[in-house]
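This report walks through one structure, element by element, for a reader who is new to such descriptions. Please keep the sequence and the 3D view at hand while reading.

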Amino acid sequence: MPDIRIIDGRAIASGLRDDITKKTRILMDETGRVPGLAVVLVGKSPASQIYVAAKRKAASDTGMNSYVHLLSEDASEADILRLIERLNTDQNVHGILVQLPLPAHINKQKIINVITPAKDVDGLHPYNLGQLVLRQNTAVPCTPKGCLYLIKSIRHDLTGLKATVVGASALVGRPMAQLLIQENCTVTQAHSKTADLVDACKDADILVIATGVPNLITAQHVKDGAIVIDVGINRIDECRLVGDVDFQDVTSKRNCAITPVPGGVGPMTIAMLLENTLEAAT
Ligand code: NAD
């Protein structure tokens, strides 16, 4: 591997979690308040169950309370809305997260819209996304926030750099582009209808990829010296996870920094969820 730098998201997230643990303790000592995270899971998707268990464990490891609400696959929109309204007024709950995806019969946006913005620790409520566009960041979506932290662990001042975000979801791609604009980057947003993806990526100093397409990005998309953040989590078979970047191929580039999958962005998403929950409780 020529001069490649692997960005160790696991280690960086672990340091952040230690810091959040200390701040949680200080908050409890000074105010008696214990940050509380409520996670709503609808249905029994094995992947969602794993993510929810990881979030619950991370919250309790840092001294927060976590409350997991399991609803059956056939729960109605009204059932979920009733639960959220109860959590909105529960003084022990400072953060509410609805695990996505929701079953097909549920209108996701209708559910998110009901979460009190101050408790929206996923940062997906229209108010919080609007604040991001206005550069008045309140709750910032966890995954893009974690990606920016990883990018800044390599290079603090991003002013004037070219950044390409591949993927334009409300969960990752679009808030990521906003965060990079706030850092004074010149941002290209690519998506499934982009005519020439190599052209959109090949001059970027920073590449963030969130598409769900295994190994989409290869060495031809990446400039020497680029920072490459791979958000994708794709299960190839029973026991193999790969990202959206062909890791082996891209590590042939010179002076790059790249996140692995697993162990890159994933742990940062959870650390940022804890940070948002602590901020909501403070
Ligand atoms: P999504 O399906 O909502 O959006 C995918 C985006 O990728 C769309 O904007 C689409 O236009 C674009 N896209 C699809 N195919 C493309 C192609 N061939 N070329 C260019 N763009 C293309 O997905 P999402 O929720 O944004 O998640 C994306 C990936 O990130 C998934 O693998 C998901 O599992 C992963 N993810 C990881 C974390 C984490 O913590 N690591 C968090 C969220 C999502």
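## The sheet and its helices

Helix H3 (residues 77–88) lies across E2, E3 and E4, running at about 165° to E3; here helices (H or I, at least four residues) and strands (E, at least two) are DSSP runs, numbered from the N terminus. The model is a predicted one, in which local features need pLDDT of at least 70 and side-chain atom pairs count only at pLDDT 80 or more, while totals for chains, interfaces and linings use all residues. Residues are numbered from 1 along each chain as its sequence is written, and side-chain values use heavy atoms, with hydrogens and water left out.

The three strands form an open sheet in the order E3-E2-E4 with parallel pairing, where two strands pair if DSSP finds at least two bridges between them. Strand E3 (65–71) and E4 stand at the edges with a single partner strand each, so one side of each has no neighbour in the sheet. Neighbouring strands of this sheet are turned by 15° against each other on average, direction ignored. Helix H2 (residues 46–61) also packs on the sheet, where it touches E2, E3 and E4, and its direction makes about 170° with that of E2. Axes are lines fitted to C-alpha atoms, for helices over the stretch in contact, and angles run from 0 to 180 degrees between N-to-C directions.

## Strand E4

Strand E2 (residues 36–42) and E4 run parallel and are joined by four bridges, and Leu-37 has Gly-95 as its bridge partner in E4. In a regular strand the side chains alternate between the two faces of the sheet. In strand E4 (residues 95–98), Gly-95 and Leu-97 point one way and Ile-96 and Val-98 the other way, and all are buried, a word that means under 20% relative accessible area, with exposed over 50% and partly exposed in between (1.4 Å probe, protein chains only).

The 13 residues of helix H6 (residues 142–154) should span 18 Å at 1.5 Å a residue, and the end C-alpha atoms are 19 Å apart, which agrees; the expected span is 1.5 Å times one less than the number of residues. Among the buried residues of H6 are Cys-142, Pro-144, Leu-148 and Ile-151. Their cover includes helix H1 (9–31), helix H7 (173–182) and helix H10 (265–281).

The axes of H1 and H6 come within 11 Å and cross at roughly 105°, and the two helices are therefore roughly perpendicular to each other, a label for angles of 65 to 115 degrees. Gly-9, Ile-12 and Leu-16 of H1 and Tyr-149, Leu-150 and Ser-153 of H6 make the contact, which means heavy atoms within 4.5 Å.

## Two buried residues

Thr-24 lies in helix H1 and is buried, with a relative accessible area of 0%. Leaving aside neighbours within four places in sequence, Thr-24 is in contact with Pro-35, Thr-62, Gly-63, Met-64 and Leu-278.

Val-250 lies in helix H9 (residues 247–250) and counts as buried at 0% relative accessibility. Not counting residues up to four places away in sequence, Val-250 touches residues including Ile-4, Ile-217, Val-228 and Ile-258. Val-250 and Lys-223 are 27 residues apart in sequence and 9.5 Å apart in space, C-alpha to C-alpha.

Notes. Parallel < 35°, antiparallel > 145°, perpendicular 65-115°, else oblique.
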